[in-house]
Each structure stands twice: as C-alpha cells, then as structure tokens.
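Please find below a colleague's note on the model shown here. The points are numbered so that each can be checked against the coordinates.

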Amino acid sequence: MAEKEKQTYSLACEHNVLTVRGVTQVVEITEREAQLKLTGNSLFIKGNGLNVTKLDKDSGVVVMEYSSLSSLSFRQGAPSFKGLFR
C-alpha cells in the first residue's frame, strides 16, 4: 500500500487580499474572525472586514478580502491530555 502523500498549505497576502491554499474545511468565518482547517493544523485569522470572495472546495482555496488583519495563528492538532492523570 502506498503511503499517503503529505498535503501542504500556503498563505499569500497582497493588496488587502489573503489567499489560503490547502484548506480542508471552513469551520467559521465572520466579519472579525475565521477558522480554517488545514492538514494537521487549524488556522485562526483575526481582523476587521473579513469577506470571502472565493471558495473552491475542490482545490482547497479560500480567498478573502480584509480591511485590517490583527493576527494569523496556527494550532496543530488537538491538545493531548495523555499522561496528565495517573
């Protein structure tokens, strides 16, 4: 059995347009926050005037305009509590 190829993602910001490639799921998008699932990560976007202008599920591309961005942060996987309680 062939090993599954690792998917990648990319971000590009230009002229108040953010392009995210490698999106597997759009969890939530509001005017101030967005949460996108990538392979093995979640991307959290905070700003003002967030507006999706393109959503292509087949190629995993999300394009959004924004007035301002205050933060982009990644969270890898789910938190693990293994070994916390004995």
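**Notes on the predicted model**

1. Threonine 19 is in contact (heavy atoms within 4.5 Å) with Ser10, Leu11, Ala12, Val61, Val62 and Val63, once neighbours within four places in sequence are left aside. Threonine 19 lies in strand β2; helices (H or I, at least four residues) and strands (E, at least two) are DSSP runs, numbered from the N terminus. With a relative accessible area of 16%, threonine 19 is buried, where buried means under 20% relative accessible area, exposed over 50%, and partly exposed in between (1.4 Å probe, protein chains only).

2. On conventions: this is a predicted model, in which local features need pLDDT of at least 70 and side-chain atom pairs count only at pLDDT 80 or more, whereas totals for chains, interfaces and linings use all residues. Residues are numbered from 1 along each chain as its sequence is written, and side-chain values use heavy atoms, with hydrogens and water left out.

3. Confidence is expressed as pLDDT, the predictor's confidence in each residue, from 0 to 100. The chain averages 86, and 80% of the residues score at least 70. Among the elements of the chain, β7 has the highest mean pLDDT (97) and β8 the lowest (93). Over residues 1-5 pLDDT stays under 50, and the model has zero contacts beyond four places in sequence for this stretch.

4. Which residues make up the largest nonpolar core? This core has twelve residues: Leu18, Val20, Val23, Ala34, Leu36, Leu38, Leu43, Ile45, Leu50, Val62, Met64 and Tyr66. At least two residues of this core come from each of β2 (17-21), β4 (33-38), β5 (41-48) and β7 (61-65), and β4 gives the most, with three residues. A nonpolar core is here a set of buried Ala, Val, Leu, Ile, Met, Phe, Trp, Tyr and Cys residues joined through side-chain atoms within 4.5 Å. In soluble globular proteins, nonpolar side chains tend to be buried together.

5. Leucine 38 belongs to this core. Leaving aside neighbours within four places in sequence, leucine 38 is in contact with Tyr9, Val20, Gly22, Val23, Thr24, Leu43 and Phe74.

6. Phenylalanine 74, in strand β8 (residues 68-76), is partly exposed at a relative accessible area of 40%. Beyond four places in sequence, phenylalanine 74 is in contact with Tyr9, Leu11, Leu38, Asn41, Ser42 and Leu43. Together with Tyr9, Leu11 and Leu72, Phe74 forms a nonpolar surface patch with about 320 Å² of accessible area. Patches are made of residues with over 30% relative accessible area and no salt bridge; like charges are joined within 9 Å and nonpolar side chains (Val, Leu, Ile, Met, Phe, Trp, Tyr) within 5 Å. Areas come from the Shrake-Rupley method with a 1.4 Å probe, and for residues only the protein chains shown count as cover.

7. Serine 73 is also placed in strand β8 and counts as partly exposed at 33% relative accessibility. Serine 73 touches Ser42, Leu43 and Phe44, not counting residues up to four places away in sequence. The C-alpha atoms of serine 73 and phenylalanine 44 are separated by 5.2 Å, although the two are 29 residues apart along the chain.

8. How many salt bridges (a side-chain nitrogen of Lys or Arg within 4 Å of a carboxyl oxygen of Asp or Glu) are counted? The count comes to one: lysine 46 with glutamate 33, at 4.0 Å, N to O. The pair links distant parts of the chain, with lysine 46 in strand β5 and glutamate 33 in strand β4, 13 residues apart. Lysine 46 is partly exposed at 40% relative accessible area, as is glutamate 33 at 37%.
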